[in-house]
Amino acid sequence: MKIPRTPVRHVAALAALALAVTACASEKATGGSGGAAPSVVGGDGVKTGPGVTADRITIGLMTDLTGPYASFGKSLTQAQQLYFEQTNAAGGVCGRQLEALVRDHGYDAQKAVAAYTEIAPKVVAIAHFVGSPMVNALKQRIEADQMLTIPQAWATGLLGSRSIQVTGTTYDIDMINGVDFLAREKGIESGDRIGHLYFEGDYGESALNGSKYASEKLGLTLVEQKIKATDQDMSAQVAAFKAEGVKAVLVSVGPKQTASLVGVSLAKGMDVPFVGSNSAYSPQLLPTPAGPALLKDFYYMTAGTPISSDMPAMKKLAADYAAKYPDTAIDSGVPSGYSAAAIVVDALKKACEGKDLTRGAVVAAHRGRSAWGAEFGTVMDFTTFDKPASLLSYVAKPDKAALGGAVVFKEAATSDLAKEYRVPVG
């Protein structure tokens, strides 16, 4: 998901504000400034803490239902509610039923800080948190609270926290694999120029780190065009790319900017391949005037398996989701949300085996998984938190007839360049 970013100085200010203003709430929730709440032992001998009672486990969903990623946030939320319902029907976890506590931050970091402050005393983990600016604004709080949190964002600045699990690849890894795809499949060779349109902020800058690295290694000249999340018309950027004679364009912006970029490019006679970050594409773009341009020669990199895949788990998920939400379109938020819920529930089940459902025990159980998620596609390693959980990227392509609006164009693979790259940890 592609996503506007809050300037770093604002994120830092929000983080400081969150720590100062909510200190009392945090201490009340955790029994101190940095650890899990003092545990109590239930009748079944299981230690419990915030979010866990004798019969219920409450999990937070910090989503976007009214902002720029409202459609994605809705899919994430519904998919996770479906997973929790299915888990409850099978007996729950540790003799307890799962309950989702949903809060909409509307892709506003200040609202996210307030929402986290409200729900932190009530939940054991956060099964999805939309937007890296929001997670970064609360990173210190999340770490102090030992709150297992699954961001729906893939910036490198989110790495480095034991409690925060970035799933799959980061944006820079996807762009490295994307440049490799252009060289292998689209005729890009040493001496060529390629463009990169990217958002200012951690999303775009993470992706740019990858494109710079790959371009240097392959002898390419990278033509950069940085924009704000509020910019809508990409005519000036297309003109700049065309003047430089680029032979391909990387895309690390939001879906609306992607639509303008590819539409204007073809209208201006710049017929080149486009390779996007996973956040740059939405199937909602296909019925728009940009649809034909996207279908022609646009691809995007993602660690997440498209729901149109033939994998049995994806086929079952598609059927279950359609039965539960028959009037709702299926997009990438469905498999992303469902698998993230599975990650949290897996950690809860493992923690239950040790008769300890405190937050710290849940995080420890999660960090013990070295090869997770084969049934959902790419396998992830959760044992370390200072590097991506995977280096495998699919090349996906928009497809109007496909469920979720995209198909696998190239199966998940890791380029040699990505294997050599060292991800910067924020």
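User: Is Leu250 buried or exposed?

Analyst: This is a predicted model, so read every value as computed from it. Buried means under 20% relative accessible area. Leu250 has a relative accessible area of 0%, so it counts as buried.

User: Where does Leu250 lie, and which residues does Leu250 touch?

Analyst: Leu250 sits in strand E9, residues 249–252. Leaving out residues up to four places away in sequence, Leu250 touches Met175, Val179, Leu182, Ile194, Gly195, His196, Leu197, Ser211 and Val275. Take His196 as one of these. Leu250 and His196 are 54 residues apart in sequence, yet their C-alpha atoms are 4.4 Å apart in space.

User: How do I read burial and contacts for the whole protein?

Analyst: Start with the totals. The protein has 426 residues, and 59% of them count as buried. Now take the contacts between residues at least 6 apart in sequence. Of these, 72% join residues at least 24 apart. The secondary structure comes to 15 helices and 13 strands.

User: Which residues touch the most other members of the largest nonpolar core?

Analyst: A nonpolar core is a set of buried nonpolar residues joined through side-chain atoms within 4.5 Å. The largest one here has 85 residues, and Phe129, Val249 and Leu261 touch the most other members. Helix H7, residues 171–185, gives the most to this core, with 7 residues.

User: What does Leu261 touch?

Analyst: Again, residues up to four places away in sequence are not counted. Leu261 then touches Leu197, Met234, Val238, Phe241, Val249, Val251 and Phe274. There is also a second, separate core of 46 residues. Its members include Tyr83, Val124, Val362 and Met380.

User: How do I read a pair of packed helices?

Analyst: Two packed helices are described by the angle between their axes and the distance between the axes.

User: Which residues of H13 and H14 meet?

Analyst: From H13 come Ile343, Ala347, Leu348, Lys350 and Ala351. From H14 come Ala361, Val362, Ala365 and His366. By class, this contact has 7 nonpolar, 1 polar and 1 charged residues.

User: At what angle do H12 and H13 cross?

Analyst: H12, residues 312–324, crosses H13 at roughly 105°, and the axes come within 11 Å. That makes H12 roughly perpendicular to H13. Met314, Leu317 and Tyr321 of H12 make the contact with Val334, Pro335 and Tyr338 of H13. The class count for H12 with H13 is 6 nonpolar, no polar and no charged residues.

User: How many disulfides are there, and which cysteines form a disulfide?

Analyst: A disulfide is a covalent bond between the sulfur atoms of two cysteines. The count here comes to 1 disulfide. Cys94 and Cys352 form it, with their sulfur atoms 2.0 Å apart. Both cysteines, Cys94 and Cys352, are buried.

User: Why is the disulfide of Cys94 and Cys352 called right-handed?

Analyst: Look at the torsion about the S-S bond. For Cys94 and Cys352 it is about 80°, so the disulfide is right-handed.

User: What parts does the pair tie together?

Analyst: Cys94 lies in the loop between helix H3 (70–89) and strand E4 (97–104), while Cys352 lies in helix H13. The pair therefore ties together parts that are 258 residues apart in sequence.

Key
Residues are numbered from 1 along each chain as its sequence is written. This is a predicted model: local features need pLDDT of at least 70, side-chain atom pairs count only at pLDDT 80 or more; totals for chains, interfaces and linings use all residues. Side-chain values use heavy atoms; hydrogens and water are left out. Contact means heavy atoms within 4.5 Å. Helices (H or I, at least four residues) and strands (E, at least two) are DSSP runs, numbered from the N terminus. Ala, Val, Leu, Ile, Met, Phe, Trp, Tyr, Cys and Pro count as nonpolar, Asp, Glu, Lys and Arg as charged, and the others, Gly among them, as polar. Buried means under 20% relative accessible area, exposed over 50%, partly exposed in between (1.4 Å probe, protein chains only). A disulfide is a pair of cysteine sulfur atoms within 2.5 Å. Axes are lines fitted to C-alpha atoms, for helices over the stretch in contact, and angles run from 0 to 180 degrees between N-to-C directions. Angles under 35 degrees count as roughly parallel, over 145 as roughly antiparallel, 65 to 115 as roughly perpendicular and the rest as oblique.
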